[in-house]
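Biologist: I would like to go through this model and ask what lies behind each label. Please show it first.

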Amino acid sequence: MSESERAATAAPAEGSGTMEATPDGPIPEQASRRQRRMRRSAPPKLDFPPVRNGLDYLDSVVGHLDENESGDAGRDVKYAVLHLQAAVEVLFKARLHAEHWTLVFADLQQATRKNLDSADFISVTTEAAITRLRNIVGVPITDKEQAALKKLTKDRNALQHFAFTHDAHAVEARAATVLDFLIRFCDEHLLPCLTNEQEKRGAEAGLRRLREGLNSIESFVRERMNRIGGALKAEAVENRTIECPDCEKLALVLRQSPADSTPDDWADLATCRFCSRVWGTEELLFHFNEHGQEEPTEWNTCPQCDRWSLGSEVRVRTNPEQPIFFCFSCATGFPTVAPCDICNRPVDASGGIGTVLCGLCEMHLEDERRYGPSYESPEDYGFEEE
């Protein structure tokens, strides 16, 4: 070994420090250690553009809802709801921004590029975003999907700001419905708007993972509903099993009220086998009431038991594709009953063709045919009624 080689391999003199090679030349060992410590202690860089940010929230939702991965069921559902609502807000705004950047502002009059770049503005609410997506962008969000999104917002607000106590399975089922909608929304309405190919490929890969996770969640729901369905069939109660307004599963079993019972006895009229929610007659009437009354009226008169406990547009497990009138007291469905075309009173329309009329409206129309209108209208004299 030459003198130069021995010098290169010899230990450095005390205090001199070793040298670390870099593109800019050697760095003393002490300085290099300081730089490594600085690199380790530096905060990670946050890089979550809107679409990636929204899909990251959805990835968290899938992890919390997946029964194979979850630990604490209540806590998992809580964070699934919070992160799902965050994903809704972020992804909706991303689509609005793709249409035009001003649409993400709550007040369009305050929309400026300066505020957008600094993120210093009040952004559009979820409800307003849905309206803009439907009316301006042309995204076909159905009334049922909008109702599911509204329920999610309600659950999120209760979880985040108030003491929220609810069955985890019901909240989980509703969250899974919104998750399914959001994945389709991204596939059909958001990805086609992405112009950056790298961002688009990343989003497509993220959605593939989300679809796999959703399949796992839906598989759990299907297995649970299959078990429930088998029990309902064995008990011969499918004809009085309806859709639960809470979890929206065909698993709400009604008990038949005795003839001598009173409304006070109806507090625990029905129990959902999927989410365990217990329902009373008046609660069910409030949900299955096309007139929107908070209390039953004569329009809710059952043709069989004559009680004011008839709901409309009720899906029954025996034939869920055809919503019908259903009595929550005698637990009977009426496929041939339809609303009167004039006053909406329930009428037996079996064998009828054309107009459906109750006895009162039919009598009133007959009187008008015989004697003319029962009152004079300002329009009869050429005036418009204010």
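Biologist: Where does alanine 119 lie?

Modeller: In this predicted model, alanine 119 sits in the loop between helix H5 (113–118) and H6.

Biologist: Why is alanine 119 called exposed?

Modeller: Exposed means over 50% relative accessible area. Alanine 119 has a relative accessible area of 58%, so it is exposed.

Biologist: What makes the phi of alanine 119 worth a remark?

Modeller: Most residues other than glycine have a negative phi. Alanine 119 is not a glycine, yet its phi is positive, about 55 degrees.

Biologist: Which other residue can be described in this way, and where is it found?

Modeller: Alanine 236, with a positive phi near 55 degrees. Alanine 236 is in the loop between H9 and strand S3 (241–243). Its relative accessibility is 60%, and the cut-off is over 50%, so alanine 236 counts as exposed.

Biologist: Why is phenylalanine 181 called buried?

Modeller: Buried means under 20% relative accessible area. Phenylalanine 181 is at 6%, so it counts as buried. This residue lies in helix H8.

Biologist: What does phenylalanine 181 contact, leaving aside its neighbours within four places in sequence?

Modeller: Phenylalanine 181 is in contact with Phe92, Ile141, Glu145 and Leu149.

Biologist: How do you know that the length of helix H3 agrees with its number of residues?

Modeller: Helix H3 (residues 50–65) has 16 residues, which at 1.5 Å a residue should span 22 Å. Its end C-alpha atoms are 23 Å apart, which agrees.

Biologist: Which residues of H3 are buried, and what do they pack against?

Modeller: The buried residues of H3 include Val51, Leu55, Leu58 and Val62. Residues three or four places apart in an α-helix point the same way, because there are 3.6 residues a turn. The buried residues of H3 pack against helix H4 (73–99), helix H8 (168–190) and helix H9 (197–235).

Biologist: What does leucine 84 touch beyond its neighbours within four places in sequence?

Modeller: Leucine 84 is in contact with Leu58, Val61, Leu152, Ala175, Val178, Leu179 and Leu182.

Biologist: What is the volume of the largest pocket, and which residues are closest to its centre?

Modeller: The volume is about 1,200 Å³. Of the 41 lining residues, Ala147, Ala148, Lys150, Lys151 and Lys154 are closest to the centre. Lining residues have an atom within 4 Å of a pocket point. H7 gives the largest share of the lining, 13 residues.

Biologist: How much of the whole protein counts as buried?

Modeller: Of its 386 residues, 37% count as buried. The protein has eleven helices and eleven strands.

Methods
Residues are numbered from 1 along each chain as its sequence is written. This is a predicted model: local features need pLDDT of at least 70, side-chain atom pairs count only at pLDDT 80 or more; totals for chains, interfaces and linings use all residues. Side-chain values use heavy atoms; hydrogens and water are left out. Helices (H or I, at least four residues) and strands (E, at least two) are DSSP runs, numbered from the N terminus. Buried means under 20% relative accessible area, exposed over 50%, partly exposed in between (1.4 Å probe, protein chains only). The expected span of a helix is 1.5 Å times one less than its number of residues. Contact means heavy atoms within 4.5 Å. On a 1 Å grid over the protein atoms alone, a cavity is a set of points where a 1.4 Å probe fits but cannot get out, and a pocket is an open set with protein on both sides within 12 Å along at least five of seven lines; lining residues have an atom within 4 Å of a point. Grid points are joined across faces, edges and corners, and a volume is the space filled by probe spheres set on the points.
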